[in-house]
Amino acid sequence: VQLQASGGGSVQAGGSLRLSCAASGRIFSTFLGWFRQVPGKEREFVAAVRWSTGYQWYGDPAKGRFTISTAQIRNTMYLQMNNLRPEDTAVYYCATHNSGGLFDVTSYTSWGQGTQVTVSS
């Protein structure tokens, strides 16, 4: 499956964005996830979702502000980001989970190309 992330942009602190991750083929993975990365740092876990049920997991930066969801009829995953902060500035990636821990970047494959999110103060 190929994934394509979109929806990034530039917003002011306190603003909102909704990222989309569209899959080109059938999703066989049990879980999908969102990660983010800034230059010079490792890719950071943001959120994951069980594709079949919508059950969610969140990394610390996302708790209380971000919501991950799925729309199986559209073969798409979303990340609603509210109350954005400058430290949320990063390239956001979506990926399918292969095996291993949900919070571990090495557990994921089929990475999308990423979408830039820039939050100004």
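The protein chain carries 10 positive and 6 negative side chains, and the centres of the two sets sit 11 Å apart. In that tally Lys and Arg are the positives and Asp and Glu the negatives, with His and the chain ends not counted; each charge is placed at NZ of Lys, CZ of Arg, CG of Asp or CD of Glu. The structure is a predicted model, where local features need pLDDT of at least 70, side-chain atom pairs count only at pLDDT 80 or more, and totals for chains, interfaces and linings use all residues. Residues are numbered from 1 along each chain as its sequence is written, and side-chain values use heavy atoms, with hydrogens and water left out.

As for the overall build, the protein chain has 0 helices and 11 strands (DSSP runs numbered from the N terminus: H or I of at least four residues for helices, E of at least two for strands). Its radius of gyration is 13 Å, close to the 14 Å that the globule rule gives for 121 residues, so the chain is as compact as a globular protein of that length. That radius is taken over C-alpha atoms, and the rule is 2.2 Å times the number of residues to the power 0.38. Along its principal axes, the C-alpha trace spans about 40 × 30 × 25 Å.

Of the 121 residues, 42% count as buried, where buried means under 20% relative accessible area, exposed over 50% and partly exposed in between (1.4 Å probe, protein chains only). The chain exposes about 6200 Å², with carbon and sulfur atoms supplying 46% of that area; the areas come from the Shrake-Rupley method with a 1.4 Å probe, and for residues only the protein chains shown count as cover. Among contacts between residues at least 6 apart in sequence, 53% join residues at least 24 apart, a contact being heavy atoms within 4.5 Å.

Strands β4 and β5 pair in the antiparallel sense over 6 bridges; pairing takes at least two bridges found by DSSP between two strands. R36 has E44 as its bridge partner in β5. The hairpin of β4 and β5 has 6 residues between the strands, and G40 in the turn has a positive phi of about 85°. E42 also lies in the loop between β4 (31-37) and β5 (44-50). With 73% relative accessibility, E42 counts as exposed. Beyond its neighbours within four places in sequence, E42 is in contact with R36 and Q37.

β5 itself is mostly covered, with 5 of its 7 residues buried. This strand also runs antiparallel to β6 (residues 56-58), joined by 3 bridges, and here A48 stands opposite W57.

N83, in the loop between β8 and β9 (90-97), has a positive phi of about 50° although it is not a glycine. S110, in the loop between β10 (108-109) and β11 (115-120), likewise is not a glycine and has a positive phi of about 50°. N83 is partly exposed at 42% relative accessibility, and S110 is partly exposed at 28%.
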